Amino acid sequence: MARAGFNKNNSAVKRIMQEARELANDPCTDYSAAPLEDDIFEWHCTLRGPPGTEFEGGLYHFRILLPTEYPFRPPSIMMLTPNGRFELNTKICISFTSYHEELWQPAWGVRTAIIGLQGFFPLKGTAAVGVGALEYPASERRRLAALSRDWVCPTCKQPNHQSLPDPATTGSSCSSDIHPSETPATVSDVTLTTEDVPLTPTSPDSSASVAVSPVPILAPTPTRPIIPVNVIVSPKPSTSQQVKGSLQTEVQRLGQGQTPQDPALAVAMSYPRRPPVLLDLAICVLLVLVFALIIRRIF
């Protein structure tokens with residue numbers, strides 16, 4: 001369905017026009033993309049096969065269909081060029097398409113989908129399983145990659161090698177202009193180690209470099225103090241042992257008729273002694289019984 005009379009004040013239209021201007025000035029030689037003249041919600045893109053794989057040297061043409069709620073909903077991708085990795089004219093199920101709307105981020109865009117699709121080309125095994133996925137032999141994929149350069153899009157009316165000419169120099173400047181948040185992760189993050197950092201600085205003006213040996217950082221080795229042989233260390237008595245010894249000393253002093261040295265014990269002994277509580281209770285009970293017998297005799 002054509003949308004020739006689109007509203008330029010629509011947020012989706014503004015976003016699409018902005019991305020179209022950015023991709024038109026993109027110096028990357030790995031892809032080319034542009035919306036159709038009569039429908040800016042449909043893009044046609046040509047992608048170069050990832051190097052070092054059976055798709056190297058191939059040029060693959062595909063469609064990107066943007067929803068009216070773009071960029072808050074993800075696009076759909078349909079491959080047009082025979083490739084041996086994805087079905088033709090079928091919406092591909094990968095992490096940044098309409099099959100996984102929960103993973104889509106509005107900060108991503110058309111360029112995100114293009115670069116992400118290139119990363120999904122060399123996947124194999126269970127990682128390559130999904131709607132629209134194919135598993136062709138590597139030899140067949142190389143044959144299709146060689147034929148893909150002359151494949152002509154029925155809508156664009158030109159072969160792939162004209163839509164995406166070969167670069168004059170090797171290499172590509174695609175990754176330098178892409179913010180990490182714009183690209184969905186397809187592989188594990190790389191962790192740098194000390195082996196990746198050179199320890200020997202080099203200077204372009206000098207023919208020889210001076211090796212700088214790293215200074216090792218050593219933790220001090222803990223040592224235990226050595227007790228001399230002629231020194232006898234007696235163990236410190238515990239609190240319970242001290243209390244027990246103090247009580248024994250006071251008992252001995254009391255047995256000898258001396259005043260105890262402990263102030264608390266001396267104060268306690270200064271008070272007159274009283275009979276035990278049980279004795280007082282027995283005397284009270286006996287008096288009550290005697291009083292009861294007397295009352296009974298009288299009355």
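Is F121 buried or exposed? F121 is buried, at a relative accessible area of 0%; buried means under 20%, exposed over 50%, and partly exposed in between, for a 1.4 Å probe and protein chains only.

## Basis of the model

This is a predicted model, in which local features need pLDDT of at least 70, side-chain atom pairs count only at pLDDT 80 or more, and totals for chains, interfaces and linings use all residues. Residues are numbered from 1 along each chain as its sequence is written, and side-chain values use heavy atoms, without hydrogens and water.

## Confidence

The predictor's confidence in each residue, pLDDT, runs from 0 to 100. The protein averages 76, and 63% of the residues score at least 70. Residues 175-181 have a pLDDT below 50, with six contacts in the model beyond near neighbours in sequence. Contact means heavy atoms within 4.5 Å. For residues 185-225 the pLDDT is also below 50, and this stretch has eleven contacts beyond near neighbours in sequence. Where pLDDT is low, the predicted coordinates should not be read in detail.

Helices (H or I, at least four residues) and strands (E, at least two) are DSSP runs numbered from the N terminus. Four strands form an open sheet in the order β1-β2-β3-β4, with antiparallel pairing; two strands pair if DSSP finds at least two bridges between them. Neighbouring strands are turned by 20° against each other on average, direction ignored.

Four bridges join β3 and β4 in the antiparallel sense, and R63 stands opposite M78 in β4. Helix α2 packs on the sheet and touches β1, β2, β3 and β4. The direction of α2 makes about 35° with that of β2, where axes are lines fitted to C-alpha atoms, for helices over the stretch in contact, and angles run from 0 to 180 degrees between N-to-C directions.

## Aromatic pairs

The whole structure holds six aromatic pairs. Rings of Phe, Tyr and Trp (its six-membered ring) pair if their centres lie within 6.5 Å; planes under 30 degrees apart are stacked, over 60 edge-to-face, and the rest tilted. F55 and F121 are an edge-to-face pair, 5.0 Å centre to centre with 75° between the planes. F55 is in the loop between β2 (42-48) and β3 (59-65), and F121 in the loop between α2 (110-120) and α3 (138-148), 66 residues apart. F55 is buried at 0% relative accessibility. F55, Y60, F86 and F121 form one aromatic cluster.
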